[in-house]
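Have the structure open as you read.

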Amino acid sequence: MSSPSSSTNDTTSNFITIFDNGTYSTVLLNIKAEDFSSDSKTTSPSKPLIIATPSCSEGGEFPVLLMLHGYILYNHFYSQLIKHIASHGFVVIAPQLYTIAGADSSDEIKDTAAIIDWASKSLKNVLPSNVRPNLDKLALSGHSRGGKVAFALALKKVTTSPLKISALIGIDPVDGMGKKNQTPPPVLTHLPQSFKLDGMPVLVIGSGFGAIKKNPLFPPCAPEGVNHENFYNESQNPAWYFLVKDYGHLDMLDDCTKGVRGVSTYCLCKNGQSREPMRKFVGGVIVAFLNAYLKADESMLVSIRDGEETIPVKFDKVDVRL
């Protein structure tokens, strides 16, 4: 890969920089089906996409991360997070899987597979001309219900991914309203290390406030029995688990989320004092995990685990099984 652009902040290889924007300048691309004519050589995606990509004059080849949004959220609510990740040398695809959805997430699993298929054929054609996606290094991630969908596709429920998934990330993943009220298709089995992922590395990030009700009118956003703890317990090795203290289920979103749904992200779930520390941690630990398993550099991830440097948040729990 070519050297990163010097047009952004000058950072060092010290792992602490992963919690801030990296050395690549980035751009957000909005990709919609109507952008493509019938005679276009590039096929249109089945769902609207936001793509955060390095935009450096030197160009380069970059691993790809697909990030799935949470329940009834918009993909653009994650703009700051995906730009953070992209600035460290990744292409991040964030689809809008739906605007209204019922309990069953089967269509979302199929749509995610279709987006991966589209990426295998057409992603290179919509990126800056000097940016090349490396789909041999494809990671899949999701937040909340999107985390469930990511795990479901990796576990080959409903359908299979057209490309090999090299790493799997759950950002406060949720599989329904409770242990006896999972949404279809159920992902959790409630059996330790039952997920058959053939050695696929897993990262699970949990929020300390996720299982706490904000008010009596609404259930907790990440209920006990179907949340991050269960996803980690059922993952096989290698698996990494970071439970963040004093932050909530939606605290990795953009600082400003507009509209009725945007306002509701501050009303439905118990939140921390501000979103920035949680968002910086989530972005940084994802970068460290992807560096470890897609770029063969585990130094940053190990440093986070061992508490060797200051990070933006405090942990309730850290656990690693290798």
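The model is a predicted one. In it, the count of aromatic pairs comes to 11. A pair of aromatic rings is described by the distance of the centres and the angle of the planes.

**Tyr-74 and Phe-77**
- With ring centres 5.5 Å apart and planes at 80°, Tyr-74 and Phe-77 are an edge-to-face pair, because planes over 60 degrees apart count that way.
- Tyr-74 is partly exposed, its relative accessible area being 25%.
- Phe-77, its partner in the pair, has a relative accessibility of 1% and so counts as buried, the cut-off being under 20%.

**Phe-151 and Phe-231**
- Phe-151 and Phe-231 also make an edge-to-face pair, at 5.0 Å centre to centre and with 65° between the planes.
- This pair joins distant parts of the chain, 80 residues apart.
- Phe-151 belongs to helix H3, which covers residues 145–154, while Phe-231 belongs to helix H4, residues 228–234.
- Phe-151 and Phe-231 are both buried.

**Charges over rings**
- Over the face of Tyr-266 you will find Arg-275, at 3.7 Å from the ring centre.
- Phe-90 has Lys-295 over its face, at 4.1 Å from the ring centre.

Key:
Residues numbered from 1 in each chain as written. Predicted model: local features only at pLDDT ≥ 70, side-chain atom pairs only at ≥ 80, totals over all residues. Heavy atoms only, no water. Phe/Tyr/Trp six-rings, centres within 6.5 Å; stacked < 30°, edge-to-face > 60°. Buried < 20%, exposed > 50% of the residue type's maximum accessible area, 1.4 Å probe, protein only. Helix = DSSP H or I, 4+ residues; strand = E, 2+ residues; numbered from the N terminus. Lys NZ or Arg CZ within 6 Å of the ring centre and 35° of its normal.
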